[in-house]
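Subject: Structure for you to look at

Hello,

Here is the structure I said I would pass on. Please open it first and keep it beside you while you read the notes below.

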Amino acid sequence: MNIKILGSGCKKCVALAENATAAARAEGVDAEIEKVTDIIAIAGYGIMSTPGLVINEKVVSSGRVLTVADIGMLVKEAAA
């Protein structure tokens, strides 16, 4: 599974990356967590505010830091 964190590296982006890592671990999913900081690449996903969360190339959240539990549900759905 591929999980991308879209953002400049701000505190919210770091928190989202940590939550995504914890969620993947809690769900027992082998996930590659990738941080995308290039503005052009982020714009390519069509989000207007960061941080953004992309799971298997599908934007699932933008503009907020999801909890570990919320990301866990999204990971579980994507893995099914």
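Strand 1 is mostly covered, since five of its five residues are buried. Buried means under 20% relative accessible area, exposed over 50%, and partly exposed in between (1.4 Å probe, protein chains only). Helices (H or I, at least four residues) and strands (E, at least two) are DSSP runs, numbered from the N terminus.

Before going on, note that this is a predicted model: local features need pLDDT of at least 70, side-chain atom pairs count only at pLDDT 80 or more, and totals for chains, interfaces and linings use all residues. Residues are numbered from 1 along each chain as its sequence is written, and side-chain values use heavy atoms, with hydrogens and water left out.

Strand 1 runs parallel to strand 2, and five bridges join them. Two strands pair if DSSP finds at least two bridges between them. In strand 2, Lys4 has Glu34 as its bridge partner, and Leu6 has Val36. Strand 1 is also joined to strand 3, by four bridges, and these two run antiparallel. There, Lys4 stands opposite Val54.

Helix 1

Strand 1, helix 1 and strand 2 make a right-handed β-α-β unit. Right-handed means that, with the strands pointing away from the viewer, the path from the first strand over the helix to the second runs clockwise.

Helix 1 covers residues 11-27, which is 17 residues, and reaches 24 Å from its first C-alpha to its last, close to the 24 Å expected at 1.5 Å a residue. The expected span is 1.5 Å times one less than the number of residues.

Which residues of helix 1 are buried? They are Cys13, Leu16, Ala17, Asn19, Ala20, Ala23 and Ala24. Seen down the helix axis, these buried residues fall within an arc of 165°, so they line one face of helix 1. The arc is that of the directions from the helix axis to the C-beta atoms. The face turned away from the buried side carries the exposed residues Lys11, Glu18, Arg25 and Ala26.

What covers the buried residues of helix 1 includes strand 1 (2-6), strand 2 (32-36), strand 3 (52-55) and helix 3 (68-79). Contact means heavy atoms within 4.5 Å. After helix 1 comes Gly28, whose phi is positive, near 70°.

A residue in strand 4

Ser61 lies in strand 4 (residues 58-62). Its relative accessibility is 6%, so Ser61 counts as buried. Leaving out residues up to four places away in sequence, Ser61 touches Pro51, Gly52, Leu53 and Leu66.

The chain as a whole

The chain has three helices and four strands, and from the N terminus on its elements run β-α-β-α-β-β-α. Of its 80 residues, 32% count as buried. Residues 24 or more positions apart account for 65% of the contacts with a separation of 6 or more. The C-alpha atoms fill a box of roughly 30 × 20 × 15 Å, taken along the principal axes.

Regards
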